[in-house]
Amino acid sequence: MADRNRSHSPSRAVSPTRAAGRGLGRRAAALLAAAACALAAAGCGGGGAEPAAQSPRPVERGPVKADRPGLPGMPPLLDARDVYAADRPGKLAPQVKSYPSRIYVPNTGSDTVSVIDPKTYKVTETIPVGIQPQHVVPSWDMKTLWVNNNRGHDLTPIDPATGKAGKKVEVHDPYNLYFTPNGKYAVVMASMDRQLVFRDPHTMEVRKTVPVSCAGVNHADFSADGRYFIVSCEFSGELLKVDTEKMKVVGQQRLPFDGAMPQDVKVSPDGRTWYIADMMADGVWVLDGDRFGRPKLLPTGKGAHGLYVSRDSKVMYISNRGEGTISLLDFGTGKLVGRWHIPGGGSPDMGGLSADGKVLWLSGRYHSEVYALDTRTGRTLAKIPVGQGPHGLAVYPQPGRYSLGHTGIFR
């Protein structure tokens, strides 16, 4: 628990002296000053956003082949060139169309979930849950929201149709939760236990426990064909590559940065390039997931943390928790094309996009607030007071056919 608390403390996430001591602050500053790109190129408008540094080019090996065999039982991609093709604005699955639009915010220090009405920017309800809730995770079938009560060792189900919490389900050390693309398993990121625990996606009964040698498994994403997923290990600065069907670790590497603390993981729309946010390296790692070779660092800002894909699959939003900014990366060029500043500062962490893609919602980890940002202009629309330590909030419902977990990774 001490390690977990340190990993989310302001001094760990944003220390400028640590970054400068490694020479990173000077290198990031040089890159940021080197070349600017018009923000309009990102298709996201101005509104106080500033140009940002150029970056390593993404892996260029073409899109996933349409005839590439996928994970057995996985719904086929709608578009072989875009894993997010099902996430277009307003394309809600039939089972979620009637759900009221809400923002579910787990407050780790208050043991509650704040429920926000996105139309009024007001908290409409506060739901008591378990001890230290970390993330609110949509189930694979999108019918349940699971609150990960990390230190309470249980999950609280919330019915998104009614907003009511159900009976807790006992699950040890559920820091984060994912679902295999075929819906066969839930995968619990048991961070302190150093385990990946494959469970029944409905009852949460254990099907297989996979011990890992890295420390702090926390975030992941799946390959386009669903056959493997890449996991970040924040306390040991490592990445894992896991065979989904065999439920076996098939690759492991340490990130080439002293003190690395990798966080969110996201695959590019074409399925070839992986991005891993690193809150101590102050940027994202750019990786070829298939080859799983040495990644390159793209500096984005202090405390890089959350990664979110725009509804048109053109831009990735990167929350820089240590400096109160959001960087914009253009998938087509692999370059940073803008940066948004939260007025008065903040600590943007985890979140998601509105169903229409017009608003990016992020928790303010150290400010007991939630941010709503206009994705067309970068303007902060609202700062909403919530409980203590807001973390992995879920925007719900969202477009897509099924959920891979976390705060909402949809395919």
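**The disulfide and its setting**

Mentor: The sulfur atoms of Cys-214 and Cys-233 lie 2.1 Å apart and form a disulfide, a term that requires a pair of cysteine sulfur atoms within 2.5 Å. This is a predicted model, in which local features need pLDDT of at least 70 and side-chain atom pairs count only at pLDDT 80 or more, whereas totals for chains, interfaces and linings use all residues. Residues are numbered from 1 along each chain as its sequence is written, and side-chain values use heavy atoms, with hydrogens and water left out.

By the cut-off above, the count comes to one disulfide. The torsion about the S-S bond is -50°, so the link of Cys-214 and Cys-233 is left-handed. This pair joins distant parts of the chain, 19 residues apart: Cys-214 belongs to the loop between β12 (206–211) and β13 (217–222), and Cys-233 to strand β14 (residues 228–233). Strands are DSSP runs (E, at least two residues), numbered from the N terminus.

Turning to accessibility, Cys-214 is buried, with a relative accessible area of 0%; Cys-233 also counts as buried, at 0%. Buried means under 20% relative accessible area, exposed over 50%, and partly exposed in between (1.4 Å probe, protein chains only).

Lys-241 lies over the face of Tyr-228, 4.3 Å from the ring centre; the criterion is NZ of Lys or CZ of Arg within 6 Å of the ring centre and within 35 degrees of the ring normal.

Key
Helix = DSSP H or I, 4+ residues; strand = E, 2+ residues; numbered from the N terminus.
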